[in-house]
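Here is a friendly briefing to read with the structure open beside you. Take one topic at a time and look for each part as you go.

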Number of protein chains: 2
Amino acid sequence: MTLSAADADWIAADWGTSNLRVWAMRGDEALVERRSNNGMGAMPRPEDFADELARLTEGWPPVPVIACGMVGARQGWVEVPYRAVPCPAAPELTAVPGDPGGRPVLIAGGVMQTDPPDVMRGEETQIAGVLAAKPDFDGVICLPGTHTKWARISAGEICHFQTVMTGEIFGLLSRQSVLRHSLISGDHDPAVFAEETDRALSQPHQAWARLFRLRAASLVGDAAPGEAVSRLSGSLIGLDLGAARAYWLGEQVLILGNSRLAALYDAALRMQGVASVVGDADTATRAGLLAAWRKYEGRS
Amino acid sequence: MTLSAADADWIAADWGTSNLRVWAMRGDEALVERRSNNGMGAMPRPEDFADELARLTEGWPPVPVIACGMVGARQGWVEVPYRAVPCPAAPELTAVPGDPGGRPVLIAGGVMQTDPPDVMRGEETQIAGVLAAKPDFDGVICLPGTHTKWARISAGEICHFQTVMTGEIFGLLSRQSVLRHSLISGDHDPAVFAEETDRALSQPHQAWARLFRLRAASLVGDAAPGEAVSRLSGSLIGLDLGAARAYWLGEQVLILGNSRLAALYDAALRMQGVASVVGDADTATRAGLLAAWRKYEGRS
């Protein structure tokens, strides 16, 4: 028998700055997935969130929605307070008043750190998903993305973490800076990527100066197509790894992320002798939301 | 007797990516200045350059125009070839065919370097202006800007140079990244600037990780207004100085730039014990164009 969205007993929602994804869930099974580009950044007014959620879940039963991500930020739907590290990864839920659209909507709170200052919203739920499957996980989780997070996990808690703006800076440099003229897309060049990662780790100041060379090389040299993109991602991921050395050195690292970016971090870490493992970020997100839903059902 | 633009015997033009400035000149004296935001980047077709120049110099006599900057780039009016270092700073001029607008228009060529790859267009004319006043200048010229240039000058020649994208990255981070929410303008804080510059010089990888803290500190901490801007410029200029250490260490450095940015580089260099001197960039540009005009007049 095939189940449809009508059989859902809850809805999982991953609502970040740029995107919203919802899954009609039956227990741990995702029955249907829907996506929208109306992330938190596209919602000028708090009431827009209810409309967008109703639109994207149209026809689905009136079951609880468990959401994580920037939807709980100050500029989001309902501001959900941060918890401070060290704290359990499993998020605490805050209900949106009034059951919008006839459904209870529960938003997961983020995690903050005061020394040094740092924040996350959404990644704590992915980490909770990892811990739901492996309660005794002890090590480091790397979550590459617009803002890459490195988190040290021990005894079921997020002990401390670090954010590096690698993905956002890659996007700005490759789409909006003068480098965009020289970043012709082409096949990824693993040798060039490895070379730049190593250089950025061993000579971080020179990595900074080497950025403009990507442009200059295409004007006065004979850079191969695709080479500049591989160099830029190698440089930026190398700088990220240099900043996060205390997280991965001598550690087992679990990388959670989309396949392409996760594979680059995996390659870079392996070059440094780290036995990294790549896990699926969406699976982790849904597992973290599932754990939160089960806890909510148990107490409601 | 007061001179007006009608008394000009040549026109100086500084035509970069974002702006065009022209001066009606009588010898070394600037009689009138006009500005436009129609830089090279705003000119979709080569013929637009002639229209824009005619518009901005309307009413001025039909005297030669000597121009430098991105107007001579591949995406500019007429592509003027680069000369390779080491070479005299004094630019070679290429005439735009057909005396557009009834005036000879001469464009200064840029300078390139193959190892490592680098290019400049416009800065060579400013350097030539410095050398016109001080032919025996031997040292380093730092030209802060969208793309900061560091150039080693000896025996009247540009020996080698390095570009760092400091200004462009500052602009992208402060106006388009998530940091924009936390960069409340305020008074420059010299102590915070100095602290970040030092950190970026001694711990470049950590500077990379500290970028997101500017955002996080405003969410979970009590950052003072203006502090984040001073931290960001301190970080980026510190990274720039780290990349250019071979240029300034133990050298006399002449900084050419607009007053605010030049003052920041000056402060950062002085903290490292460098006896830097700040010179006016516009004066240097006109002096370099003047030397080129005199050479052109002498041979025409």
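The largest nonpolar core has 201 residues, where a nonpolar core is a set of buried Ala, Val, Leu, Ile, Met, Phe, Trp, Tyr and Cys residues joined through C-beta atoms within 7 Å. A residue is buried if 20 or more other C-beta atoms lie within 10 Å of its own, exposed if 12 or fewer, and partly exposed in between, with C-beta atoms placed from the backbone. This is a predicted model, in which local features need pLDDT of at least 70 and side-chain atom pairs count only at pLDDT 80 or more, while totals for chains, interfaces and linings use all residues. Residues are numbered from 1 along each chain as its sequence is written, and chains are lettered from A and ligands numbered from 1 in the order in which they are written.

**The core**
- The residues with the most contacts inside this core are A:Ile11, A:Ile66, B:Ile11, B:Ile66 and B:Ala67.
- In soluble globular proteins, nonpolar side chains tend to be buried together.

**Strands of chain A**
- Helices (H or I, at least four residues) and strands (E, at least two) are DSSP runs, numbered from the N terminus.
- Strands E5 (residues 83-84) and E9 (residues 111-114) of chain A run parallel, joined by two bridges; two strands pair if DSSP finds at least two bridges between them.
- The bridge partner of A:Ala84 in E9(A) is A:Met112.
- Four bridges link E9(A) to the antiparallel strand E10 (residues 117-120) of chain A, and a hairpin joins them through two residues.
- A:Gln113 stands opposite A:Asp118 in E10(A).

**Two helices of chain A**
- The axes of helix H5 (residues 204-220) and helix H6 (residues 227-243) of chain A come within 10 Å and cross at roughly 170 degrees; axes are lines fitted to C-alpha atoms, for helices over the stretch in contact, and angles run from 0 to 180 degrees between N-to-C directions.
- That crossing makes H5(A) roughly antiparallel to H6(A), a label for angles over 145 degrees.

**The sheet of chain B**
- Three strands form an open sheet in the order E5-E9-E10 (chain B), with mixed pairing.
- Its edge strands, E5 (83-84) and E10 (117-120) of chain B, each pair on one side only.
- H5(A) packs on this sheet, touching E9 and E10 of chain B, and its direction makes about 85 degrees with that of E10(B).

Note on methods. Angles under 35 degrees count as roughly parallel, over 145 as roughly antiparallel, 65 to 115 as roughly perpendicular and the rest as oblique. Two residues are in contact if their C-beta atoms, placed from the backbone, lie within 7 Å.
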